[in-house]
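This report describes how the chains are built and where they touch one another. The sequence and the model come first.

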Amino acid sequence: MLEFAVELFSDYTARTILLGAASLGVVSGVVGSYAVLRKQSLVGDVMSHAALPGIVLAFMIVGVKEQLPIFIGAALSAVLAVFVINLVTENSRIKTDSAMGMALSVFFGLGLVLLTYVQRMPDANQAGLDKFLFGQAEALVEKDVLIIGLTGFFALSVVGLFWKEFKLLCFDPDFGGTMGFSIKALDMLVTAVIVSAIVIGLQTVGVVLMSSMLIAPAVAARQWTGNMGSMVILAALVAAVSGVTGVALSAGFENIPTGPAVIVCVSVIAFFSILFSPNGFFTLKFKDAQSRREIRKDYVLKALHDLALEHDDPGYAHSERLLALGSERGFNVRKSLFALQAAGYVESVGEDNWRLTQSGIREVKGLSPLEKNR
Amino acid sequence: MSGKGENPVTPAVRVTDLTVAYGDKTVLWDIDLEIPGGSMVAVVGPNGAGKTTLIKSIQGLVPRVAGVVSIHGRPYEKQRKEVSYVPQRGSVDWDFPTSVVDTVKMGTYGDLGWIRRPGRREHEKALGALEKVDMLEFAQRQISQLSGGQQQRVFLARALVQSASVYLLDEPFQGVDATTEKAIVTILKELVAGGKTVLAVHHDLNTVSEYYERIAILNVGLVAAGRVEDIFNSENLMKAYGGKTSFFPERKTARRAV
Amino acid sequence: MSPHQLDIQLVAVIVAASCSIPGAFLVLRRMSMMTDAISHSILLGIILAFFLVGDLSSPFLIIGAAASGVLAISLIEAVNRSRLVKKDASIGIVFPFLFSVAVILLSKYARNVHIDTHSVLLGEIAFAPFNRLIVSGMDLGPVSAYVMGSILLLNLLFISFFYKELKVSTFDESFASSIGFRPRLIHYLLMAVVSLTCVGAFDAVGSILVIALIVIPPCCAYLLTDSLFRMISLSVLFGISAAISGFWAANWLDVNIAGSMAFVCGVFFLVVFLFAPQRGLFGIMREKRRQRMDFAEASLLVSLYNQEKGEAVKNHPDSRGMFRSADFASKVVGFLKQKGEIAVTGGGLFLTERGRERARMTVEGR
């Protein structure tokens, strides 16, 4: 594997391909962050699927597998799909999710119809058009990488130029509108940027899985940082690493299509981040359990106090069973009592009976529901 | 409609030690509440006070950390049919393809249980409830064509067909017109006069004394509960709302005098 | 029509009908994109189950693969519930991952599995008639018609048994649980049914185009009716018609049948979206125009009415000043004249008795 990697990086063609994969990663990481923050992750999915008929139509019109017309065709048809979604949701009771499902499947269906139509044409040139479905990085040549680079440069410049406006658009579009920014124009610009990222990923990752190249890096990055700048940079890094790794895997082993290989890499990073980041799933679960323990302890303390008040004696003892009445499943009252005992707030008076200590009585006075949430 | 509601000793709803938390946030803290049968109770409190959570947790719709809820002296789980629920109007999609009478009929589903279909009897019941809320002429109308007030009446009608003895309403006057508000109050008062118990999340402090006999003031914990004339005062409201409300009953009467 | 073509259409019709039934509920529950997730995720289930069972039409494979759809849904919900990832992004990271793993397995072991990456996307309905059910020498038709027929039957049974439960938990989830139904259970049952349907339909239409058959027919129906029952029945009709016309279109152009069915679904929706009586785009525009005209007429009448009540009768209002264009103004005047609500004499506009009545009603509100 190591030998293979050395070989890969020293080979000129291989370097070209890896450079392409890396730049694609950077662009989709950056741009995907916006799709995710705007809660439009699935729009990316629709757009990448919807690019297919554009690709095939461009080929049918131009007649050769030329990069630039295919890019333009793909972009136009992806944008058309977004337009259709907006048209339908604004003018009918059809909700966004259904409109997206329809656009995705109809455009993709049309793409496959056209693809099978083209494949019946007696022309050898169409061979390899179906590589756009799952991507094939090996086919990348210098010229392709150049176009990827240029398109990516355009997308990144737009993001850099409108950094503050895009941030506003993601965070609070209505507020942005009141400050005099044209939300519609910004929205179109973001869509354009997303489309260009999708288009340059078509050859490497393919239409079917390109959306994940946008979503997963951003999701992964979001777990590690709450700062937009760092998120975008981290997402770019994650995507670039996955792109390069995926391409290398696909080239190194037989019969592994590039797109799925890249997506498996990026997804693994995303799931790892969700589970193990400092604010991730396990930390969250741990914190939840901790605060639940606190809430339960407070509850037991208060319940003991309330019961005791009924006897006009704050130190009156009660059985554990009485305290456990009505508590949720898994609420082990005894555990809370032991914790309280360790803190010196309650004491056991044999036979599972418990009562508040003096410091427990003081503590319970300080318990106010509003304090709890501070 | 069991006769249990008439027993003066057992409260219609008894909530003991109710504590609810979402994640690390305590939403309800050790609530003890007894609601006597045949009373009309407002639940008030600032935003985030846990009013909706109270209504929901009484019915076990959100998990409790601790606490017992009994309806007419028996655990809620055994008394589900005694309780009918009117959720917030905004919680559903009114574009749902169904008619007014069908929506009201959903109130009979609980009695029908699984699988069995509503029939003639259920239809009659639904029409009867629609008549009570003065919506009979809209029975076949699609629900998206209703105004906010009409939608709320439909929800109330759905609760009426459940023939329960305890009514839990979540902001029944939210976004409804004045006529509907009056109509709903009248119906609720009729229910109470017939021995039913009504517990409603209420927002408008100005109408509390006019609509309700009892009140529960909530802010995570229970600030106070009891008869409106005893409890509904600036001291308790201060406790619940902090300085965040400009409404205090005394001042209102003063203004009225001017 | 050859028997072969008849068989293909038979399978297509059954597939389309089975898809539309749960589809109606998915659309109403705003879960259309969950179909996307399910239909992609089942591929992994199909392949893993195939490695275990070794037979593509085995019922174990179908059930195992369907379970993978439900698992994918619970994974998405778990990711979303963690509060770390938004709903749409949760969907968007889970299914491409499962799908990618499936495609890699498929490409690596393609020789062992009788499906390849192409049939995943294109479906193989054209081959459906070749695998026939033969019982003691008697040819009883294509196997897939029986497999899919059983799934259709199951879907029908599911919605007829749980119609009321599905309805109430789709419309108002918290109410449904307050009356003792279990919306989560219903939700998972529905997901299981959708997964099963996707697995069944996989052979015929592949894993992406099945979304078209599940989502689009109910959407067409949703714009045409206000009753849930009619919505479901209409979706079945739409699905069946799309299947048949999609087949013939594909036959005529010699292209992929599944893609053609999806595209025809889209065409159906376009027609409904434009021409549906009340909810179509043209209907809405007509209604908007009517309202605008109504409003314009009323405002002209009211302004005349107010002039009448005041003293300045000699100074008749110039209707042209009121409206955005002279053209529109004369149109309004023309309509009112036609209705006999105003009269035009000597260049001035006057209310007729009928016009005065309408103006008065507008002002006083009924």
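## Domains and chain contacts

In chain C, the C-alpha centres of domain 1 and domain 2 lie 56 Å apart. The domain assignment gives domain 1 of chain C as residues 3-275 and domain 2 of chain C as residues 282-364; such bounds come from an automatic or database domain assignment. This is a predicted model, in which local features need pLDDT of at least 70, side-chain atom pairs count only at pLDDT 80 or more, and totals for chains, interfaces and linings use all residues. Residues are numbered from 1 along each chain as its sequence is written, and chains are lettered from A and ligands numbered from 1 in the order in which they are written.

Chain A is divided into domain 1 (2-279) and domain 2 (285-368). The C-alpha centres of domain 1 of chain A and domain 2 of chain A lie 56 Å apart.

Helices (H or I, at least four residues) and strands (E, at least two) are DSSP runs, numbered from the N terminus. A residue is buried if 20 or more other C-beta atoms lie within 10 Å of its own, exposed if 12 or fewer, and partly exposed in between, with C-beta atoms placed from the backbone.

| Property | Chain A | Chain B |
|---|---|---|
| Helices and strands | 18 helices, 3 strands | 10 helices, 10 strands |
| C-alpha box along the principal axes | roughly 95 × 55 × 40 Å | roughly 55 × 45 × 40 Å |
| Buried residues | 49% of 374 residues | 49% of 258 residues |

The radius of gyration is taken over C-alpha atoms, and the globule rule is 2.2 Å times the number of residues to the power 0.38. Chain A has a radius of gyration of 29 Å, whereas a compact globule of 374 residues would have one near 21 Å. For chain B the value is 18 Å, in agreement with the figure near 18 Å for a compact globule of 258 residues.

A:Val268 lies in helix 13 (residues 258-276) of chain A. A:Val268 counts as partly exposed because 15 other C-beta atoms lie within 10 Å. Its C-alpha atom is separated by 39 Å from that of A:Ser336, 68 residues apart along the chain.

Chain C touches both other chains. Two residues are in contact if their C-beta atoms, placed from the backbone, lie within 7 Å. On this basis, 52 residues of chain C are in contact with 49 residues of chain A. Elements giving two or more residues to that side of chain C include helix 2 (32-53), helix 12 (257-275) and helix 13 (281-309) of chain C. The largest share, 13 residues, comes from helix 4 of chain C. By class, this side has 34 nonpolar, 11 polar and 7 charged residues. Ala, Val, Leu, Ile, Met, Phe, Trp, Tyr, Cys and Pro count as nonpolar, Asp, Glu, Lys and Arg as charged, and the others, Gly among them, as polar.

With chain B, 19 residues of chain C are in contact with 20 residues of chain B. Helix 7 (163-171), helix 8 (173-178) and helix 11 (228-253) of chain C each supply at least two residues of the side of chain C that touches chain B. That side has 9 nonpolar, 6 polar and 4 charged residues.
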